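Student: I would like to learn how to read a few features of a structure. Could we begin with a pair of charged side chains?

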Amino acid sequence: MNRQVLLFISLLSLEFVFGQVSYSIPEEMAIGSLVGNIAQDLGLDKTRLISGKAKIYTRNSDEYIELNRERGVLLVKQRIDREVLCTETALCALHLQVILENPMEFYSVTVQIIDINDNAPTFEKNEMTFKISESAVIGAKFVLERAVDFDVGNNGVQRYELKSTDHFALKIHNNADGNKNVEMVLQKPLDREKQEQISLVLTAVDGGEPQMSGTMLIVITVLDHNDNAPVFTQPTYKSAVTENSPKGTVVATVTASDADQGSNGRITYSITNTLENVRKIFEVNEQNGEVSLIGNIDFEKSRHFQMNVLASDEGGLTDSCKLILDVQDVNDNKPEINIMSKSNVISEDAELNTVVTMINIEDLDSGENGNVRCLIGENVPFTLKKSNNNFYSLVTDSELDREISSQYNITVTCSDEGVPSLSSSVTLTLQISDVNDNAPVFESSSYEGYIVENNTPGLSIFTVRARDADWNQNARVSYILEDSSANGVAVSSYVSVSADSGVIHAVRSFDYEQIKDFHFRVKAQDGGSPPLSSNVTVKILIQDQNDNPPQVLYPVQTGGSLVAEMVPRSADVGYLVTKVVAVDVDSGQNAWLSYKLQKATDRALFEVGLQNGEIRTIRQVTDKDAVKQRLTVIVEDNGQPSRSATVILNVVVADSFPEVLSEFTDFTQDKEYNDNLTFYLVLALAVVSFLFITCLVVIISVKIYRWRQSRIMFHSNLPVIPYYPPRYSDTLGTGTLQHVYNYEVCRTTDSRKSDCKFGTAGRQNVLIMDPSSTGTMQRIQSEKSILDEPDSPLEQKPPNNDWRFTQGQRPGPSGATGGPEVAMGTGPWPQPPTEAEQLQALMAAANEVSEATATLGPGTMGLSTRYSPQFTLQHVPDYRQNVYIPGSTATLTSNPQQQQQQQQATAQQAAQQALPPAQMAAQMSAQMSAQMSAQMSPQPEPPKAAQTPASKKKSTKKEKK
């Protein structure tokens, strides 16, 4: 492929690049074929094509060429047919524009389309008929229709061939426009009588590779003699026609004459040797030779037409002429405004001559009708500059300010110079982006606010406001309190400023007497980058409030000394006794004081000046007046509400100082209660209440604790060993209870709350030592379940009349005797045994255990089959630790020495498990004898019985007695 590249680049003053490049490609290239490396030919980087959003602009809607940005090449987008693209011109080219943005660059690309031999010569008619008289002279010419080849150059028709004849020869005439006229010349006379019809073949051959040709059949009918051919008045006719002329308009008239007469002299006109599109626009009248319009003429499509008109008579003789029609332009096309590239947003700080939009203007008319001039509206900071070849650039010509105008609607109007002038317009909308170029501005140059003293902290004083002419984040104003001090104190401890709303709040409560006003500065700062700010001075004035009562300066009120004023008995009316002097630290009306006499011993004797506080007599002092006078003066201010102070004055009516002293000694000074008295009373009441509540809580806690302890002890598994007094026997039928049942029911009426414990699960491990007892373990368990019920009928009750024992049968210490009530069954409970009797009972129980052990098998107790062989004597609890004896208020408890001995006994039992039962029983008997002898020995003090609640009560009664 032969491709030619022509590059032309120029730099314009409008800050964008203009260049031109040309390529040549053959037609009918495959889609996607390479046209040229535009990036390389223009000296551009491929990344520049991508970042600049390179694109191709064509005026026509059909796009034959496309741009590949990644490769930087131009490619064939669709099939290119030169004969369709350029019908009448030999040179065919595509004109493109490549546009890049940021910065704006513009390049013109011309692609020349080279013709290839893809069209064969064709004749408009497949057959052509001639009627030639036999009298036609040698050299007579007959015009033939030329072949049409849409190719150009060597690919067009190069030669003609006429075959199968001896009478005719071909003659070719080359026209100035490059076309060829073909004539058939008679070389040999015709003889109708020999050959009435002759058939010839005309062949048109082009010069392309490969060579192509087309043929047409020529049929000649030999007629009788006609010796004059038609002749046109001129070989070439020229005329002009205005475009858009209506159909039927006669554009030209051709005239031919024939010297023959009759039918041989009758001429017929026709259009020949003309392209098909011409036949669709023009026609010729066969009779008079007028050429008229039958279609529409458009100057922008065809600016001139050329046709051949044939005149023939009925004898077959012909003549031809050329008709040239020039189309005159009419201003029928508006200028076309094409936006090649534009920016929708531009920053307000853009520099002058910044290119905003590039516009291409085209007017299809010619001459003055195609001269276009473009203008934009006034009062806009933009101008339109012409760059090159009907390209305009919209650039800035003054500074932009978004705060004045945030958007511009720019109307570009383009008009041609035709008559009448045609115009078109387009409106460009351009947004101005904001730049932080405006600082916040306060609504006032200074602020002054007022606040009443004794305010609540956090109270809103007033609001400062600032406005920023910028937009969005740049216009978001924040308020900041600048660091400063007032009266040596940081302003931030006085007030605070809301960052968003600008509301000034009081941080503390102000006192007018301490600070009357202060100044500070508030800064307003926007959210731009970098931020802009401005500040304003704020003055806060504290307004006085009547919050201070008057203070009496004279007379001085002292707590211990007595100050009295003396008035002589000879004092006249209006005598100045004294003057009350008071001040008020408030200001204004709050400090205006008035004096009034509130109380007086004799109101008819003294008066107080309302404004000055002077105390004067209002009548003559008499002997009947009391010597001791007491005045109470109240001092009030003028505030709302008013505040007051009182002063008490003692006045003595006397003539001499000694008399004053004598009276002064008898003067009883009234003493007011101390203000602290109320405080002490309230404090004492609070202390007493606290102590009462504390004691109440402690008592309830102790009660609950004791109740919980009694419940815990009631449900414990502490084992109990029954106590059998000496000579105690089971009389069975006489009403005496069994051993086991005896210790189960011998309880006091309040035994559930006493220290006496009854085993629950532990009862299963108690051995029944009485051989005469007929009860079983199951019976004992059933009795236990009955006793555990809270409403069981077996609970202890006072002895009934069946409780009859002899003196010897009663449990208790030996020698205990009872009164007659014993025989009646209403006597007291048996007396508790002594310690010796308790130890004797313990020894008897140990001996019975030893005897029972001897009768058992090795390692077992023989109580029930459910006890395994491992249930040995070591599982029996040590009853010496805590023994409760029924009918006694004493409880045997182990002391630390006994606990130590018990530990030693446990170790010995572990060692004796392997001994025979007899030896083991003997050792246990010996050990218990040793323990009893140790307890009976006078050297160590025997353990004392732990007192139960019942025993404690009895001991207390004894002590009282």
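Tutor: Side chains of opposite charge can pair when their charged atoms come close. Here Arg-82 forms a salt bridge with Asp-115, and the closest N and O atoms are 3.3 Å apart. Arg-82 lies in helix H3 (residues 82-85), while Asp-115 sits in the loop between strand S8 (105-114) and strand S9 (127-133), so the pair ties together parts that are 33 residues apart in sequence. The term salt bridge means a side-chain nitrogen of Lys or Arg within 4 Å of a carboxyl oxygen of Asp or Glu. Helices (H or I, at least four residues) and strands (E, at least two) are DSSP runs, numbered from the N terminus.

Student: What kind of model is this, and how are residues numbered?

Tutor: This is a predicted model, in which local features need pLDDT of at least 70 and side-chain atom pairs count only at pLDDT 80 or more, whereas totals for chains, interfaces and linings use all residues. Residues are numbered from 1 along each chain as its sequence is written, and side-chain values use heavy atoms, with hydrogens and water left out.

Student: Does Arg-82 count as buried or exposed?

Tutor: Buried means under 20% relative accessible area, exposed means over 50%, and partly exposed is in between (1.4 Å probe, protein chains only). Arg-82 counts as buried because its relative accessibility is 1%. Asp-115, at 14%, also counts as buried.

Student: How many salt bridges are there by this rule?

Tutor: The count comes to 18 salt bridges. One network of salt bridges links Glu-28, Arg-79 and Asp-81.

Student: Which residues form salt bridges with Arg-619?

Tutor: Arg-619 forms a salt bridge with Asp-602, the closest N and O atoms being 2.7 Å apart. Arg-619 lies in the loop between strand S50 (614-617) and strand S51 (628-637), and Asp-602 in the loop between strand S48 (593-600) and strand S49 (606-608), so this pair ties together parts that are 17 residues apart in sequence. Asp-625 forms a salt bridge with Arg-619 as well, with the closest N and O atoms 2.7 Å apart. Arg-619 is partly exposed, with a relative accessible area of 22%, and Asp-625 is buried at 7% relative accessibility.

Student: Which residues is Asn-590 in contact with, leaving aside its neighbours within four places in sequence?

Tutor: Contact means heavy atoms within 4.5 Å. On that basis the contacts of Asn-590 include Asp-544, Gln-545, Asn-546, Asp-584 and Asp-637. Asn-590 lies in the loop between strand S47 (581-583) and S48, and at 13% relative accessibility Asn-590 counts as buried.

Student: How do I read a sheet, taking the one with the order S34-S43-S42-S37?

Tutor: Two strands pair if DSSP finds at least two bridges between them. This is an open sheet of 4 strands with mixed pairing. Its edge strands are S34 (446-452) and S37 (477-481), each of which pairs on one side only. The twist averages 30 degrees from one strand to the next. For such angles, axes are lines fitted to C-alpha atoms, for helices over the stretch in contact, and angles run from 0 to 180 degrees between N-to-C directions. S37 and strand S42 (residues 517-526) run antiparallel and are joined by 5 bridges; Ile-480 stands opposite Lys-523 in S42.

Student: What is the pairing in the sheet with the order S10-S13-S12?

Tutor: That open sheet of 3 strands has antiparallel pairing. Strand S10 (141-144) and strand S12 (168-174) are the edge strands. S10 pairs with strand S13 (residues 180-186) over 4 bridges, and Leu-144 stands opposite Val-182 in S13.

Student: Which residues form a nonpolar patch on the surface?

Tutor: Patches are made of residues with over 30% relative accessible area and no salt bridge; like charges are joined within 9 Å, and nonpolar side chains (Val, Leu, Ile, Met, Phe, Trp, Tyr) within 5 Å. Phe-679, Tyr-680, Leu-683, Val-687, Phe-690 and Leu-691 form the patch, with about 640 Å² of accessible area together. Accessible areas come from the Shrake-Rupley method with a 1.4 Å probe, and for residues only the protein chains shown count as cover. Phe-690 is found in helix H6 (residues 676-714) and counts as exposed at 56% relative accessibility.
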